[in-house]
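The sequence and the coordinates are shown first, and the description follows.

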Amino acid sequence: MAGPAGAPPTIDDVKLPTDNPNPFVRFWQSVWAPTTRSLRGWAMASVVVNAGITVTGAGVRVTASGLGCPTWPKCTPDSFIPVAHPEVSPLNMAVEFGNRLLTFLVLAVGLACVVAALRMAPRRVTVVRLAWLQPVGIVAQALWGGLVVNTMLNPFTVGVHYLLSSGLIAACWMLYARAGEGDGPVRAVAHRDIRRLGHVLLAAVFALLVAGVVVTNTGPHSGDEVASRFDLDIESVARVHADVAYVVVGLTFALMFALHVTNAPRAARRAALALLGVELLQGVIGYTQWFLAVPAALVLLHVLGSTLVWIAALRVVTSLRERDTQPASVSPSPTEAAAVA
Ligand code: HEM
């Protein structure tokens, strides 16, 4: 409660930047006068948009719109925006062009992370570097997208496109995690071997994603009928993929058991349980799509599930450690530098 009129101000009289009633001002301040919370909010927004674009990218594939814009960076040989083309259906063009436009949204969120990280006081070198990984990674992905189109959806380039997005999501997640902790040395909250198990699990999940993109790029959803496929037996690669999924589920059970018997912090146990939950759901989707001859809608759900499994695995790893708030390497923010000058 605010103090009576004329009395000295109390803590309730203090207005925080987030208290501004104008949502546009609050939005602007979340970038230009960031708090730890708003920076983490932007990092989480980056996780979400990068996860989203993995699903819309799969949408391009399953609607056979991969060459909806047959050239890159222009949509057609003479135009940056969709125009009538004798060999491309307007729907395929709209889907592919729409996905290209989403790059700008992902880039905008990445740039907001960079500005917020730079404006944070004190400015933290690690956080700024992690934030920069986003625009750099998004531009790299846009260029790689050009390679995907110019190689007529070569399966290797399509697969790497998804895996690069997984790397970008890892960078966003690390920004989210690091922004919320200090720069002191890592302090394990679980036994060293359990942390190792967490890292092995993360590596196994990545191997599972790799196996998954091999199945996809052997299977029917190439993105266009002219696209080539990996010359592999679809049943065999799908079986290997499912086998790796069993290994991942087994490792997750092992980790949950280890966390339980060592009475590890609740956050770590909950993160492992959430990972197990999305893995099991993903397994159900995986088998269903396999037995229904990979219908497009289930492929989209499976891609969403894959990205969620990856994020949940990253969360498990970051939940197994903490860092104290002691600052290690800081450089002055613009506000601080101006105050000193
Ligand atoms: C935790 C469990 C799983 C994860 C994280 C996972 C991940 C993935 C990923 C990343 C892809 C490639 C997506 C793309 O590039 O578009 C994929 C494709 C695929 N997965 Fe899984 N998967 C899991 C379990 C399973 C299971 C148990 C099956 C059952 C056989 C399965 C069947 C498939 C099939 C058939 C495809 C190809 C779909 C297509 O043609 O586009 N998955 N998976």
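**Cis peptide bonds**

Pro 122 lies in the loop between H3 and strand S1 (123–124). In this predicted model, the peptide bond that leads from Ala 121 into Pro 122 is cis, with omega near -5 degrees. A cis bond also links Trp 72 to Pro 73, where omega is near 5 degrees. Pro 73 belongs to the loop between H2 and H3.

**Positive phi angles**

Most residues other than glycine have a negative phi, and most peptide bonds are trans. Against that background, Ala 64 has a positive phi of about 55 degrees although it is not a glycine. Ala 64 is placed in the loop between H2 and H3, just after H2. Because Ala 64 has 19 C-beta neighbours inside 10 Å, this residue counts as partly exposed; the buried class requires 20 or more.

Val 294, another residue other than glycine, has a positive phi near 40 degrees. The loop between H8 and H9 holds Val 294. Val 294 counts as partly exposed because 19 C-beta neighbours lie inside 10 Å.

**Overall architecture**

The chain contains 10 helices and 4 strands. In sequence order, these elements follow the pattern α-α-α-β-α-α-β-α-α-α-α-β-β-α. Along its principal axes, the C-alpha trace spans about 75 × 60 × 35 Å.

Of the 341 residues of the chain, 35% count as buried. Considering contacts between residues at least 6 apart in sequence, 77% join residues at least 24 apart. Helix H2 has 27 residues. From its first C-alpha to its last, H2 reaches 39 Å, close to the 39 Å expected at 1.5 Å a residue.

**Ligand surroundings**

Which residues are closest to the ligand? Of the 29 residues that surround the ligand, the closest are Gly 212, Thr 216, Gly 219, Gly 286 and Ser 306. By residue class, the shell around the ligand divides into 17 nonpolar, 11 polar and 1 charged.

Four helices each supply at least two residues of this shell: H6 (192–216), H7 (234–261), H8 (266–291) and H9 (296–319). The largest share comes from H8, with 7 residues.

**Nonpolar cores**

The largest nonpolar core has 58 residues. Within this core, Ala 43, Cys 113, Ile 169, Cys 172, Leu 175, Ala 313 and Val 316 touch the most other members. Two or more residues of this core come from each of helix H2 (36–62), helix H3 (90–119), helix H4 (125–150), helix H5 (155–179), H6, H7, H8 and H9. H5 gives the most to this core, with 10 residues.

Not counting residues up to four places away in sequence, Val 316 touches Gly 198, Leu 201, Ala 271, Ala 272 and Leu 275.

Leu 107 lies in helix H3. Is Leu 107 buried, exposed or partly exposed? Leu 107 counts as partly exposed because 17 C-beta neighbours lie inside 10 Å. Leaving aside residues up to four places away in sequence, Leu 107 touches Pro 135 and Ile 138. Leu 107 and Trp 132 are 25 residues apart along the chain, and their C-alpha atoms are separated by 11 Å.

Leu 304 is located in helix H9. With 18 C-beta neighbours inside 10 Å, Leu 304 therefore counts as partly exposed. Leu 304 and Gly 52 are 252 residues apart in sequence, and the distance between them in space is 7.8 Å, C-alpha to C-alpha.

Definitions and conventions: Residues are numbered from 1 along each chain as its sequence is written. This is a predicted model: local features need pLDDT of at least 70, side-chain atom pairs count only at pLDDT 80 or more; totals for chains, interfaces and linings use all residues. A residue is near a molecule or strand if its C-beta atom, placed from the backbone, lies within 6 Å of it. Ala, Val, Leu, Ile, Met, Phe, Trp, Tyr, Cys and Pro count as nonpolar, Asp, Glu, Lys and Arg as charged, and the others, Gly among them, as polar. A nonpolar core is a set of buried Ala, Val, Leu, Ile, Met, Phe, Trp, Tyr and Cys residues joined through C-beta atoms within 7 Å. A residue is buried if 20 or more other C-beta atoms lie within 10 Å of its own, exposed if 12 or fewer, and partly exposed in between; C-beta atoms are placed from the backbone. Two residues are in contact if their C-beta atoms, placed from the backbone, lie within 7 Å. The expected span of a helix is 1.5 Å times one less than its number of residues.
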